[in-house]
Amino acid sequence: MFEDIRTKKVFEYFKEISDIPRGSGNEKAMADYMVKFAVDHGLEYDRDSSDNIVIRKPATSEEYASHEPVVIQGHLDMVCEAEPGVAHDFTKDPIELIRDGDILTANGTTLGADDGAAVALMLALLDSDDVVHPELECLFTTAEEIGMLGMTALEPSFIKSHRMLNIDSSTEGHAIVSGPGGVRSDFVRRAETAPVPQGMSFYTLKIAGLAGGHSGEDIALGRLNAIEAAARVLRFITDGTEFCIVSASGGEKDNAIPRDCKISFAISASVDVKGRAAAAAELMSRTLCDDDRDFEVIVEDAESSDSALTPALSAALLDLLSVFRPGPLTMSKEFDGVVETSYNLAVLRADSENILVALLSRSPVEEALDDMEYFMNSLSRMSGFEVKNYNRYPGWKYEKESFMRDTYLKVSREVFGHDALVTGVHAGLECGILKGKMPDIDIVSIGAQIYDLHSPSERLVISSMDRLYDIVTGMLREC
């Protein structure tokens with residue numbers, strides 16, 4: 001599959017790690033693999049209680065031994081999402097890779113190039129005999145996709161270098177030098193159920209065909225959020241009529257824009273449910289972006305249920321969902337076209353026992369995150385739902401002086417033949433957390449070209465990995 005690729009060894013390692021389950025929180029097997037790799041290659045390593053791994057390789061010469069050490073960092077875990085109808089067990093099934101020319105993707109699932117591309121590249125560097133470098137630390141962290149928990153738990157003494165190259169960007173030719181912090185908000189409530197009133201019919205509303213994507217990097221593309229869409233359609237259907245929600249499910253991860261949502265409900269048999277849903281779908285389709293052209297609103301007759309959420313609680317839940325308008329709130333004043341503050345309506349779960357509505361707010365501005373927490377707390381007081389704001393992490397602010405940024409710009413100019421773009425990114429990077437622990441560390445974040453990460457449409461541009469390898473090795477030579 002990779003015989004004709006110049007960085008064949010990188011992709012061979014990518015195939016190896018794609019065979020190992022590594023969903024967030026399930027990285028033990030990957031951490032074991034990393035330890036075995038270090039032992040087999042005679043390299044020093046450390047492993048902490050969170051399964052963070054650092055593998056160290058000595059400088060390649062006496063001259064480079066006198067230089068400042070460099071740490072390259074990426075995360076072991078991946079987002080696990082599959083297309084509807086695809087039976088894939090992410091706890092044991094390998095990722096099936098598909099190559100189409102210069103594009104690498106997966107068969108009906110996320111590819112895991114975020115951040116498997118970094119892991120594979122670092123393994124290839126550690127295995128190389130012909131790359132010159134100062135003392136090298138390769139840091140592999142865990143649970144990045146569910147709150148950067150590995151980096152949060154990392155002790156600063158785990159690494160010695162104060163120059164870091166983070167490889168967790170998805171846009172080739174960009175030097176990322178700032179990123180947002182974030183805070184998670186969970187609205188919860190115990191379910192209150194009652195017998196379904198007489199004369200009601202049962203239906204299941206499904207939202208399907210949306211593009212989804214990363215809830216940071218793709219948040220400004222105008223893609224419709226499936227939970228928001230389901231709430232709008234249900235509001236249209238139930239306008240002026242009592243209804244009861246039986247169950248609801250939408251979204252999987254707070255860092256992914258929901259692509260699908262399903263709500264089962266009961267309503268008076270006299271209501272033209274399917275007609276109203278069709279009218280709502282037609283209205284919504286007028287404002288869809290091209291990425292959501294396969295958008296579908298499906299209403300099916302459902303089996304009856306003896307009980308459901310009470311009409312009052314059903315209305316309260318719909319009211320809460322209807323308040324949210326997920327997407328960008330403000331734009332960066334430093335970098336054109338970069339979102340500063342946003343939030344994602346990420347997860348909806350409702351059954352006969354519990355209700356959960358989960359959101360993720362992002363901003364590099366601490367005061368903006370304070371405002372988002374206040375907004376969520378205010379909604380809690382008004383809605384009757386309890387809210388928990390948690391897993392808050394700091395942002396990464398732009399610094400005027402940076403050796404690592406300047407080195408990247410010099411080397412990338414040699415590789416690309418033009419200047420790279422220095423910018424910020426609206427996606428949670430571990431750089432901010434590490435910067436909070438080690439204020440004097442100098443960081444730049446780069447990466448290969450990856451499209452639609454965090455979705456089954458995720459695609460890696462193979463040739464961009466060749467160029468990324470050239471840039472990383474060139475930077476190590478300059479360091």
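**Salt bridges and exposure in a predicted model**

Q: Is Asp419 buried or exposed?
A: The relative accessibility of Asp419 is 52%, to be judged on a scale where buried means under 20% relative accessible area, exposed over 50% and partly exposed in between (1.4 Å probe, protein chains only). The model is predicted, so that local features need pLDDT of at least 70 and side-chain atom pairs count only at pLDDT 80 or more, while totals for chains, interfaces and linings use all residues. Residues are numbered from 1 along each chain as its sequence is written, and side-chain values use heavy atoms, with hydrogens and water left out. On this scale Asp419 counts as exposed.

Q: How many residues apart in helix α1 are Glu12 and Lys8?
A: The side chains of Glu12 and Lys8 form a salt bridge, in which the closest N and O atoms are 3.7 Å apart. Glu12 is partly exposed, its relative accessible area being 37%, and Lys8 is also classed as partly exposed, at 27%. Helix α1 covers residues 8–18, helices (H or I, at least four residues) and strands (E, at least two) being DSSP runs numbered from the N terminus. Within helix α1 about one helical turn separates Glu12 from Lys8, because the two are 4 residues apart.

Q: Where in the chain is Lys435, the salt-bridge partner of Glu399?
A: Glu399 and Lys435 are joined side chain to side chain by a salt bridge with an N to O distance of 2.9 Å. This pair links distant parts of the chain, 36 residues apart, with Glu399 placed in the loop between β21 (386–393) and α10 (403–416). Glu399 is partly exposed at a relative accessible area of 32%, whereas Lys435 counts as buried at 13%. The place of Lys435 is helix α11 (residues 430–437).

Q: How many salt bridges does a search of the whole structure find?
A: Beyond the pairs described so far, a network of salt bridges links Asp218, Arg223, Asp291, Asp452 and Arg459. When the search is run over the whole structure, the number of salt bridges found is 36.

Q: Which residues are in contact with Arg190, leaving aside its neighbours within four places in sequence?
A: Arg190 lies in strand β9 (residues 181–190) and is exposed, its relative accessible area being 58%. Contact means heavy atoms within 4.5 Å. Once neighbours within four places in sequence are set aside, the residues in contact with Arg190 are Leu313, Glu353 and Asn354.

Q: What distance separates the C-alpha atoms of Arg190 and Glu399?
A: Arg190 belongs to strand β9, while Glu399 sits in the loop between β21 and α10. The two residues are 209 residues apart along the chain, and the separation of their C-alpha atoms is 46 Å.

Key. Salt bridge = Lys/Arg side-chain N within 4 Å of Asp/Glu carboxyl O.
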